[in-house]
Amino acid sequence: MQCFPSLVLALSLLLGALALLQLSLYLRVPSPYGKHEERLCRPRGRLPARCAWFLQELPSFLVPVLLLALRSPPRLEPLGCRLLCCLFCWHYFYRTFIYPFFTRGRPFPLQLLFFGMLFCIYNGFLQGYYLIYCAEYPSDWCTGVRFTSGLLLFLVGMGINIHSDLLLRQLRKPGEVTYKIPQGGLFTYVSGANYFGEIVEWFGFAIATWSLPAFAFAFFTLCCIGPRAYHHHRYYLKTFTDYPKSRKALIPFVF
């Protein structure tokens, strides 16, 4: 397999178009799972949350690994390229092999699982293909301002995301499916602290790679989970009379 820049461009632009489609579909009406499935349609086929998250996230980790294995000889030079690929795989290693086995979410709709897996295959291929077959970085890239600032944002965002997920898990005892008001951490300021962390994380990755595929993915993340944070915020305000009025939906002190 060799690098085809036109393929990278086409897939990146398509990902940006899918982001706008996602935004248009779910800006007014939330996707029907989790706390929003009861007031919308209840999907017929569902899978336990732990199994669903594992299956959905697995392609994002597996596809880049397979692309690297198929590369002969293996290419992840220079150091900056290796680190960038490791960042992407590190996130999805956590989301595939750690997060699912601690989540206490509700059963996941099979339809959304199917589309989630398709997206993870698509995006895993795009990011992995670009970094493994196409990316060209100078030898000092990992000491430059774009890489270091992007890496810092990535680590901060991932830390916020993991810590917020931990706080959400602590709201429920094993077997519980009721929703409660999140407390602590960045939830003090926003309703979607976990989503905010993931958005920061992928924009950090985009800055560190300084590539169209990564910026397209960061934009898709914003358009996908940004509206969900907004709908979560509205849900909390309508459901809990004692919900803090000072909290924003997604961005502290702003929105």
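**A chat about the model**

Analyst: Happy to. Trp210 sits in the loop between H6 and H7. Keep in mind as we go that this is a predicted model.

User: What is phi of Trp210 near?

Analyst: Phi of Trp210 is near 50 degrees, which is a positive value in a residue other than glycine. Most residues other than glycine have a negative phi.

User: And is Trp210 buried, exposed or partly exposed?

Analyst: Trp210 counts as partly exposed, because its relative accessibility is 46%.

User: Before we go on, what is the mean pLDDT of the protein?

Analyst: The mean pLDDT is 88, and 91% of the residues reach 70 or more.

User: Where is confidence lowest, and where is it highest?

Analyst: Confidence is lowest in strand S2 (residues 108–109), with a mean of 86, and highest in helix H6 (residues 193–209), at 96.

User: Nice. Changing topic: how many disulfides does a search of the whole structure find?

Analyst: The search turns up one disulfide. Cys3 and Cys134 form it, with their sulfur atoms 2.2 Å apart.

User: Which parts does the pair tie together?

Analyst: Cys3 lies in the segment before helix H1 (5–26) and Cys134 in helix H4 (residues 110–134), so the pair ties together parts that are 131 residues apart in sequence.

User: Is that disulfide right-handed or left-handed?

Analyst: The disulfide of Cys3 and Cys134 is right-handed, because the torsion about its S-S bond is about 110 degrees.

User: Are the two cysteines buried or partly exposed?

Analyst: One of each. Cys3 counts as partly exposed at 28% relative accessibility, whereas Cys134 counts as buried at 13%.

User: What about Cys89, which is in no disulfide?

Analyst: For Cys89, the nearest cysteine sulfur is that of Cys85, 4.5 Å away. Cys89 counts as buried, because its relative accessibility is 12%. Another cysteine, Cys142, is buried as well, with a relative accessible area of 17%.

User: On to charges. How many salt bridges does the structure hold?

Analyst: The structure holds one salt bridge. Arg95 forms it with Asp165, and the closest N and O atoms are 3.4 Å apart. The pair links distant parts of the chain, with Arg95 in helix H3 and Asp165 in helix H5, 70 residues apart.

User: Are Arg95 and Asp165 buried or exposed?

Analyst: Arg95 is buried, with a relative accessible area of 6%. Asp165 also counts as buried, at 6% relative accessibility.

User: Then there's Glu57. Where does it lie?

Analyst: Glu57 lies in helix H2 (residues 49–70). Glu57 is buried yet has no salt bridge.

User: Why no salt bridge for Glu57?

Analyst: The nearest side chain of opposite charge is Arg95, 4.3 Å away.

User: Let's look inside. Which residues touch the most other members in the largest nonpolar core?

Analyst: That core has 49 residues, and Leu15, Leu84, Leu131, Tyr137, Trp202 and Phe205 touch the most other members. The elements that give two or more residues to this core are H1, H2, helix H3 (79–97), H4, H5, H6 and helix H7 (212–239). The largest share, twelve residues, comes from H4.

User: What does Trp202 touch?

Analyst: Not counting residues up to four places away in sequence, Trp202 touches Phe88, His91, Tyr92, Phe154, Phe217, Ala218 and Thr221. There is also a second, separate core of eight residues, which includes Ile160, Tyr195, Ala229 and Leu250.

User: Last one: where is Leu27 found?

Analyst: Leu27 is in the loop between H1 and strand S1 (46–47). Leu27 is partly exposed, with a relative accessible area of 45%. Leaving aside neighbours within four places in sequence, Leu27 is in contact with Pro227, Tyr230 and His231.

Key: Residues are numbered from 1 along each chain as its sequence is written. This is a predicted model: local features need pLDDT of at least 70, side-chain atom pairs count only at pLDDT 80 or more; totals for chains, interfaces and linings use all residues. Side-chain values use heavy atoms; hydrogens and water are left out. Helices (H or I, at least four residues) and strands (E, at least two) are DSSP runs, numbered from the N terminus. Buried means under 20% relative accessible area, exposed over 50%, partly exposed in between (1.4 Å probe, protein chains only). Lys and Arg count as positive and Asp and Glu as negative; His and the chain ends are not counted. A salt bridge is a side-chain nitrogen of Lys or Arg within 4 Å of a carboxyl oxygen of Asp or Glu. A disulfide is a pair of cysteine sulfur atoms within 2.5 Å. pLDDT is the predictor's confidence in each residue, from 0 to 100. A nonpolar core is a set of buried Ala, Val, Leu, Ile, Met, Phe, Trp, Tyr and Cys residues joined through side-chain atoms within 4.5 Å. Contact means heavy atoms within 4.5 Å.
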